[in-house]
Structures are given as C-alpha cells and as structure tokens.
Amino acid sequence: MAPPFMVSAPGKVIVFGEHSVVYGKPAIAAAISLRSYLHVTTLSKSKHTVSLRFPDIDLTHSWDIDNLPWAQFQHPDKKKSYFSLVTQLDPELLAALQPHIDEVSPDRPEEIRKVHRNSVTAFLYLFLSLGSPRFPGCLYTLRSTIPISAGLGSSASISVCLAAALLLQLRTLSGPHPDQPSEEARVQVERINRWAFVSEMCIHGNPSGVDNTVATQGKAVVFQRTDYNKPPSVRPLWDFPELPLLLVDTKQAKSTAVEVGKIGKLNKTHPKIIGPILEAMRHITDTASQLIEDKDFNPKDEESLRRLGELMAVNHGLLNALSVSHPRLERVRELIDHEGIGWTKLTGAGGGGCSITLLKPNVPGEKLAKLDSQFEAEGYEKYGTTLGGDGVGVLWPAVLKNGTEEDEEGGMEIDVDKFLNAQGTEGVEQLVGVHGDGGEREGWKFWRVESE
Ligand SMILES: Nc1ncnc2c1ncn2[C@@H]1O[C@H](COP(=O)(O)OP(=O)(O)O)[C@@H](O)[C@H]1O
Ligand SMILES: C[C@@](O)(CCOP(=O)(O)O)CC(=O)O
C-alpha cells in the first residue's frame, strides 16, 4: 500500500493580458506564495471507496468505486492515456457523471452546491479518465491558503494538485528528484499541466490554460494559446523582477465563467469595437515583456516602474471598458490614484476578486498606513505575497521535520487528522507549507524545468 503523500501548487497573479489571453493574445502571469495542499491516503483493500474532504468549501463525499461509470470512460472510443492532450470535455462522459455529481450535498443551498459541483466534476472527470475500476480506495483531503474565486487562480491550483496526485498514484511520473535533467522534468510538468487543464475546463468552461500552466511550472511566464488543438506557447521569464506589488482582495466574489462569458457576448454583438481592444491588450503585454526583459529595467528605478505602471493602468482601463471591473475594484484604484502612489489594475477575471498595484518607490510610510486603515474600514483585505515561486511540489511520503522530538526519527508523519486540525491558513503553512525559514522546506521536492 502506498504511504500517505502530499502535493502542492501555487496560485497566480496575471500581471498583463487576462481575458485577451482567451482570444489567443499573450499574457504574463506569475506564481504567488499562497498555495493549495492535497493529502492522499490509500485505504486498505477492504474499502473500495473514493472520498473527498475539502473543508474550505465544506464538502465531504464518498463514492463506491465499483458504482462509477467506468464502462463509458473505458470505452475504446473514449479511453484516454495519461499523456493524451485533451482540449474539450466529452458531453457523453459528463452526462455519465451527472448522477454521481447530483448525489453530492443535496440539501445545501444552490450557491454552495454550485461550488461543490465544480470541484466534484473536476475530480471525477480526472479520476475516471486516468484511473480504472482496479484503482485502490483513497481519501483526498485538500486545504488551500488561496482565497477562492478572488482571481488568484484557486481553481487552477487545486486542478494541478488533483492531476499531479492521480498521475503520481498511477506511477506515470518520474521524479521529482534534484539531479533530474531539465528536459525530463519538463515532460512531467507538461503531463500534469495537460490534465490540470481538463480539470480547469470542468470548473470554468473555457479556460485559456494560463492559470494551470503557471501553477504547474511556477516562476513567471509569457503564455499564449493560438490554437486550442495544440499545446500553448509558454516562455518562462526566469529573471522576473521583484516588483513592489500590493495585492488587495475586494472580498467581492465573482465567477470566472460569468466574466469570460460577458466579454464573449460583447464580442459577438460589437466585434469591430471589441476586436481592437483585445488587440491593444496584446500590444500592452508585448511591450511589458520587452520592458521587463530589457537589461536596463530596474525594479527600484522610478522611470522603469513608471513605464510598467502606465501599461498596467491602460490595461485596467481596457478591462473596465470590457465591463469586467467592479465598483469595489474602482474604489481601490480611486484610493491609490488619489494619493498618487502607484498604478492599479484588476487581476484575474475581474467582476470583484483582486487588484494589483505597482507602488512608486519611496512612498511615505504615513500614506501607506492611511491607505491600510481605509482598506480595513471598507472591508478589503491586503495580501503580502512574493511573485515567481515554485510550481507543483511533492512530499512523498507525507513526513516533515517540524522542530519536534519526532525530527530525530526522520520527522513527523502528517496524517489526515493533523492536516485537518491545523488552524487556519497560518496553521496549514506551519504544518505542511513548502516554505521553511527563508527557503524551501526539507522534504518537499519540485521538478526543475530551468535549463542549466
Ligand atoms: N480550496 C478549495 N477547495 C475546494 N475547491 C476549491 C478550492 N479552491 C477553489 N476551488 C474550486 O474552484 C472554484 C473557483 O474557481 P474560480 O471561480 O475560477 O476562482 P479563482 O479565480 O479563485 O480560480 C470553486 O468554485 C471550487 O469549485
Ligand atoms: C479571465 C482569465 O484570463 C483568467 C481568470 O483567472 P481567475 O479564474 O480569475 O483566477 C480566464 C482564463 O485565462 O482562462
């Protein structure tokens, strides 16, 4: 029986190009230090059930593995392999899953059921596509430090965790290990990313793939998908600068699917107007990536920041023109603009969610303090995060050194109860977080895709 193990993947911010990326334009996105953590326990042979415990969304459910619609998923016309490139969900397979999705949380209000349905559909579609009726009984427990539906890629992060966990259980991934050649690491990351994209399709319909790509590979990337039948082009930005960014959550929930749908509708009605706006967004992203990669770009220099900041402000203006801003996002912009301390844009789908502000250098402390109290009074939440961290990580087995006596015997076994009992996001980070004091924590391993 495989030992309990864990996987983890980061959230992301889109710095430039959200929405236009859905129309084949490039986007720049970077991993953030907020992450999801998935714990996997294999059950004894006598228990042939698969269970999800996702406390962040208050979901617990089990299915009998033998009762799942394997015949449909394993039909020779439908069967996929662990390395298949799946770019569309199969409506017949979705229909076969429906009764097993409908049995989840029948007595909960519709808005909660919707969230549960998203996660359950993603899990079951992957489980049945990759697994088989002989798959062992398992318990998947998930906790995340990423606010849900805030534009920080929570769905992509959990999608990467689910895909990586299943592919690891099937022994279809090699590594990660420290001396693995980068080409081999890239193949593993690509495999995970392909299935994470399938899970993203289950959660929000028509994803571009930028979120799952950056959640899998980490760091920062320029991402573009011009042909949905081919893998996207992904250009890593290895030297992504340490930008002075302020990340603010409006606490206004939004739906990515709804915001993407709004622009789709506008584009159908006014293609001659929306087309050039999307094209202008392409130029913004191109100009921004040239600027960031320029050897003279200095994230501490006022002129460098001003040029990048102006691009952010224009990008936001265009997103607003496409109807995906929100009064609470405009309020953040207004507060920052009023003090003249930086450039603000929404990040992610908009309609609520988060904004990012590039701060000017040397902003007086009292201005920042005033802003903090205004945010607090108006119910905003500020996040401290660093950009460009690691992508998907693996802790196999689920044992970590935690500064306790157990360290001498190799470390503390992380079981489901310990994981569930960790208090809040800080507790989760302390117990299982990939970051230790000032670096990576011993035990967690990452595929290294950089070329030497
Ligand atoms: N911690 C979590 N536990 C379970 N499901 C989650 C979690 N985080 C995100 N999800 C799933 O992802 C969906 C949110 O996706 P989306 O609206 O695209 O938001 P985001 O901008 O955060 O990616 C939720 O409805 C839920 O199905
Ligand atoms: C709006 C979009 O560009 C990003 C959505 O990001 P999020 O789901 O809000 O984290 C959609 C996509 O790229 O699939």
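Helix H4 is mostly covered, with 14 of its 16 residues buried (buried means 20 or more other C-beta atoms within 10 Å of a residue's own, with C-beta atoms placed from the backbone). This is a predicted model, in which local features need pLDDT of at least 70, side-chain atom pairs count only at pLDDT 80 or more, and totals for chains, interfaces and linings use all residues. Residues are numbered from 1 along each chain as its sequence is written, while chains are lettered from A and ligands numbered from 1 in the order in which they are written.

**Helix H4**
- After H4 comes Arg171, with a positive phi near 60°.

**Helices H8 and H9**
- H8 (residues 271-293) packs against H9 (residues 302-321) at about 160°, and the axes are 10 Å apart.
- That angle makes the two helices roughly antiparallel (over 145 degrees).
- Residues in the contact include Ile284 and Ala288 of H8 and Leu311 and Asn315 of H9 (contact means C-beta atoms, placed from the backbone, within 7 Å).

**Phe16**
- Phe16 belongs to strand S1, residues 5-16 (a strand is a DSSP E run of at least two residues, a helix an H or I run of at least four).
- Phe16 is buried, having 27 other C-beta atoms within 10 Å.
- Leaving out residues up to four places away in sequence, Phe16 touches Ala27, Ile28, Ile284, Thr285, Ala288, Leu311 and Asn315.

Terms used: A residue is buried if 20 or more other C-beta atoms lie within 10 Å of its own, exposed if 12 or fewer, and partly exposed in between; C-beta atoms are placed from the backbone. Axes are lines fitted to C-alpha atoms, for helices over the stretch in contact, and angles run from 0 to 180 degrees between N-to-C directions. Angles under 35 degrees count as roughly parallel, over 145 as roughly antiparallel, 65 to 115 as roughly perpendicular and the rest as oblique. Two residues are in contact if their C-beta atoms, placed from the backbone, lie within 7 Å.
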